[in-house]
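Please keep the structure open beside them as you read.

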Amino acid sequence: MSKLNDILALIDGYIGGSSWFVYLLLGTGLFFTVYLKFPQFRYLKYAVRIVRGKFDREGDTGDTSHFQALTTALSGTVGTGNIAGVALAIHLGGPAALFWMLVTALLGMTTKFVEVTLSHKYREKTEDGTMAGGPMYYMKNRLNMKWLAVIFAVATVLSSFGTGSLPQINSISNSLFATFGINKIMTGGVLSVLLAIVIIGGIKRIAKVTSRLVPIMALIYFIGAIAVIAYNYQNIVPSIVAIFSDVFTGTAATGGFLGAGFAFAFNRGVNRGLFSNEAGQGSAPIAHAAARAHEPVSEGLVALLEPFIDTIIICSLTGLVILSSGAWNEKITNQFQTTDIIVMAKNYDETNPGDQQSLHDFLLGREVLPEFTGDLDVVDGKIQNELTILHARSVAEDIVVKESDLLYNGSIGVVNGIIPNSVSLALEGKSLVHSAPLTTIAFTKGWFGDFGQYIVSIGLLLFAFSTAISWSYYGDRAMTFMFGAKAVIYFRIVYVLGFFVASFTDTTIIWTLSGITIALMTIPNLIGILLLRREMKSEVKSFWIEYADRFPEDNAPVD
């Protein structure tokens, strides 16, 4: 299994994990931002009005309201990335990573506006009377590229398991077990039943649930975040300064090391931003295709709000919580993950500027330092070798080795600085932490104290579960496109069963596979919207003419 994961990771490195993929996404967003004259700024207030129903007409065709389509799409994007992803980006890229996440979101607002508009225009009514849309429909109906549409649809089905379902329930069950001690199988069983009840009702029930669930989970998370930021009010301005100053200097301290540097912060911030808001991926257009609207651009404007809410608001809150609390560069006692451990061949003093710079350059891949190969001698839980162990990109301190909660005596084999995953020992000590544990610790440094960790657990539960709900619909529509409405029931059965099994099994390989399938959704979608750029511009122009005729008092931006 590990070999297969390595192969998939290698493939992903050439596609979704490559630099050209990031530049394709950003370049597309930048192109449409300029081509359509910065719609994310000029059209924002009109988007809010349309969500409230101002542009609606009696008899508009669709299954959901604008607001329900928005919350369904948001529930698909607001997930573990908003909690764990932001923390990982800051851990790897420093405060500047948050800046690049925001830049990515601004460009993503335009990309989402375009992809939703075109997908809504070419949607169809299925044999069961419901609406079906998404990039695969404009690829088939407008571009006459059914082969490309099939690639997108297959990738959507696989992504519904990869990003939307299996890792989400795995994160939920692990979080609830760690926080409350709830059995993972029990968590999976209960939530699988709830998932089945929701998705069996189709888009109308999904929309009703998400239209209530999204505001509730956003409110809970907002209150918890503000409680931390306000409690650490003296760090708000320094945190904001660090975000922008680190963009140019890359020298914010991280666990005693120098900052991540421009390129590292840029890559981490952009990657997490793209992963978080899904702009360009083509998933949100599937949800928006169900909305009641007679004019495709109106629904595109609604979608323009998604990256703003998902990344600019929610991810910014998470980032400010982490930075203002100081948890991001504080060493915490924790159990080490073997995948985050590097055993160096010599001892380094992080208070020594020379050693500090060497380790910094080593972690950024700029310098090669000798890594340890051999046996670590352990006596009463203490490592006897004179060397440095890095964990989570920091020098680990006060390391204790245990076996079944008892102090370990013996040796640990190390090869090229790596402790094999097969080693059944627990290493504990002080180091930096990242991902969900970092966010959890940060939330305890506010008005709610230790109760803050429960806000993260509850937020993770709601965010991840809502993501699974929405992605079931995306996979549902992709199956409908390929095999017709009769295939949907079989997809739902497999989806729920997979959701249950993933609650207590390792989903690492699924995460890796999803990186490939996301790219296979995104690349065809970006090619498609770029080919239809002139049509998009024409649609926008005709929309504002109609809007100005109906609401002359609004001073619509007729281009």
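1. Glu124 is partly exposed, with a relative accessible area of 28%, where buried means under 20% relative accessible area, exposed over 50%, and partly exposed in between (1.4 Å probe, protein chains only). Lys140 is likewise partly exposed, at 25%. Glu124 and Lys140 form a salt bridge whose closest N and O atoms are 3.0 Å apart, a salt bridge being a side-chain nitrogen of Lys or Arg within 4 Å of a carboxyl oxygen of Asp or Glu. This pair links distant parts of the chain, since Glu124 is in strand S1 (residues 124–125) and Lys140 is in helix H8, 16 residues apart; helices (H or I, at least four residues) and strands (E, at least two) are DSSP runs, numbered from the N terminus.

2. Before going further, please note that this is a predicted model, in which local features need pLDDT of at least 70 and side-chain atom pairs count only at pLDDT 80 or more, while totals for chains, interfaces and linings use all residues. Residues are numbered from 1 along each chain as its sequence is written, and side-chain values use heavy atoms, with hydrogens and water left out.

3. The structure holds 12 salt bridges, and another of them joins Glu330 to Lys445, with the closest N and O atoms 3.5 Å apart. Glu330 lies in the loop between helix H17 (305–325) and S3, and Lys445 in the loop between H19 and H20, so the pair ties together parts that are 115 residues apart in sequence. Glu330 is partly exposed at 30% relative accessibility, and Lys445 is also partly exposed, at 24%.

4. Which residues form a salt bridge with their closest N and O atoms 2.8 Å apart? They are Asp476 and Arg477, and both are buried. Elsewhere, Lys121, Arg142, Glu535 and Glu539 are linked in a network of salt bridges.

5. Four strands form an open antiparallel sheet in the order S3-S12-S9-S10, where two strands pair if DSSP finds at least two bridges between them. The edge strands, each pairing on one side only, are S3 (332–335) and S10 (406–407). Four bridges join S3 to S12 (residues 426–431), and Asn334 stands opposite Gly429 in S12.

6. Helix H9 (residues 146–162) has 17 residues, and its buried residues include Leu148, Phe152, Val157 and Phe161. The buried residues of H9 pack against several helices, among them H10 (166–180), H21 (488–501) and H22 (508–531).

Notes:
The expected span of a helix is 1.5 Å times one less than its number of residues. Contact means heavy atoms within 4.5 Å.
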